[in-house]
Structure formats: C-alpha cells, structure tokens
Amino acid sequence: MSVRAAIGLGSNLGDRAGHLDVGLAGLAKLGDVVSVSSLYESVPVGGPEQPPYLNAVAVLDTDLSARRLLDECLAIESAAGRVREERWGPRTLDLDLLLYGTVSVDEPGLTVPHPLLTQRRFVLAPLLEAWPDAVLPDGTAIAGLTEAVADQSVLRLGDFETRRLSMAMFLVAGVLAVVLWLVWGWLL
Ligand code: A4P
Ligand code: MG
C-alpha cells in the first residue's frame, strides 16, 4: 500500500534551481509526485556563514519503505555532487524526509518526522503550500505551526513551471535580439 511522504529540497551552491530540478526528477522515479511547492529563497539557519538557500517541498505517494526512501534520497544527493563537509554546511542538494504518512520512526540514521521540521519556516511554508492538510503523527496540524516561526526570513518565488517558462522566454528574446542585430548590420 502506498504512503504519502513529504521531502524537503534545499540548495545553496552553484545552480541552485538546477539542483532542485535534478532532485525533483530523481524523486519522480520513487513514486507519484502529487504536489510540488513554489521555490522559496531563505536565509541560512545554523551552520557557518553561507549563501542563501532555495528551498521547496515535494509530496509523493510511494510504495517504498521510509528507510529505502531516505537511502534513495541520499543517492540522488550524491548524484547532484553533494559533498559532506560539516553539519549544516553549504550544499548543492539536500533532501530531507520530512513526513512519511503519520508514521514515527526513530532509528539510527533515520528520524521521521524530521526532528527540526517544526522549528523551520523554510520547511513549514513550502510544506503547507504543497500539503495543506498535513498532520504530525500526534495529530498536530502543520497549518498551526507556522505562526511560531513567522520571524524567520523566507521569500516565496515563482513555481518550477513559471521559472522554466521565463527561462525559455529569456532565451527566445536573446535569439531574436541577435537576429535583429545581424539583419540591421546587413541592411546598413
Ligand atoms: N537523517 C536522519 N533522519 C533523516 C531525515 N528524516 N531526513 C540522517 C534526512 N536525513 C535524515 O544529514 C545527516 C544524516 O541525517 C543523514 O545521513 C541521514 O542518515 P546530512 O544531510 O548528511 O547533514 P546535514 O543536512 O548537514 O544535517 P541535518 O541535521 O540533516 O541538517 P538539515 O536538517 O538537513 O539542515 N537553512 C536554510 N535556509 N535552508 C536549508 O535548507 N538546511 C540546513 C541543513 C541548515 N540550514 C538551512 C537549510
Ligand atoms: Mg539533511
């Protein structure tokens, strides 16, 4: 039987949006992606001084166990060039298993719900957008947790599709400008 899970995606190195795209493409192979939040720009929480993050949350229905899902997420991170240097340090791609249905897991190397979920606006804001009626295993609604973290700086950007569309329009405009410039030169 499939379980609805939420995965948090984060990146603050290199082509951040490109890394999140790679993460999302990898997640699509692990189940049915039912919802993806917008992208959120967020101030780093914890760790050394580091660049701002792009964060998002994907919700998927999966037949994988929580352990297998996390292992697959770690493999996707590695494929995106993730190198672990220090805890909470900068990274090309971070995938965190936030929720796995309403199941609680507390094993070596796997804690679900993610232990810092309730303290982070960069997780709660996209999670609420992608899965508005999500609840913790104890029945607490995610919707009720956001007020306590409202002071953390998180900015909602456009969604994945809008961003792809604006990149395509930017490219088309660039090509048109070059063509016009060539025609202009040829006419003169
Ligand atoms: N692990 C256990 N449970 C989980 C779970 N539910 N999901 C283990 C993911 N991993 C889980 O993680 C260390 C180990 O945690 C994994 O090997 C896995 O077995 P890691 O990714 O190697 O190290 P990390 O990410 O530096 O540590 P941690 O504690 O996972 O940090 P977080 O919670 O991922 O936070 N600020 C902003 N604005 N945006 C961010 O995305 N991210 C972090 C990292 C810090 N500050 C941030 C952001
Ligand atoms: Mg992590």
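Which residues of helix 3 are buried?

Mentor: Happy to. Please keep in mind that this is a predicted model. The buried residues of helix 3 are R121, F122, V123, L124, A125, P126, L127, L128 and A130. That is nine of the ten residues in the helix, which is mostly covered.

Let us see what covers it. The buried residues of helix 3 pack against strand 1, strand 2 (32–36), strand 3 (40–42), strand 4, strand 5 and strand 8 (154–156). To place these elements, the protein chain has four helices and eight strands, arranged along the sequence as β-α-β-β-β-α-β-β-β-α-β-α.

Leaving aside residues up to four places away in sequence, A6 touches V57, V59, L98, L99, L127, W131 and A134. In strand 5, the bridge partner of A6 is L99, which is also among the contacts of A6.

Now for the strands behind these contacts. Strand 1 is mostly covered, with seven of its nine residues buried. Strand 1 and strand 5 run antiparallel and are joined by six bridges; within this pairing, L9 stands opposite L95. Strand 1 also pairs with strand 4, again in the antiparallel sense, over nine bridges, and there G8 stands opposite V57. Strand 5 is largely enclosed by the rest of the structure, because seven of its seven residues are buried.

Strands 4 and 5 also lead us to the ligand. Strand 4 (53–62), strand 5 (94–100) and strand 7 (110–112) each supply at least two residues of the shell around ligand 1. This shell holds 23 residues, and the closest are G10, S42, Y53, L97 and G109. By type, the shell divides into eleven nonpolar, eight polar and four charged residues.

The loop between strand 7 and helix 3 contains P113, and a cis peptide bond with omega of about -5° joins V112 and P113. For background, most peptide bonds are trans. In the loop between helix 3 and strand 8 you will find T140. T140 is partly exposed, with 13 other C-beta atoms within 10 Å, whereas L127 is buried. T140 and L127 are 13 residues apart in sequence and 14 Å apart in space, C-alpha to C-alpha.

To set all this against the whole, 34% of the 188 residues of the protein chain count as buried.

Technical notes: Residues numbered from 1 in each chain as written. Chains lettered and ligands numbered in written order. Predicted model: local features only at pLDDT ≥ 70, side-chain atom pairs only at ≥ 80, totals over all residues. Near = placed C-beta within 6 Å. Nonpolar A, V, L, I, M, F, W, Y, C, P; charged D, E, K, R; others polar. Contact = placed C-beta atoms within 7 Å. Buried ≥ 20, exposed ≤ 12 C-beta atoms within 10 Å, placed from the backbone. Pairing = 2+ DSSP bridges.
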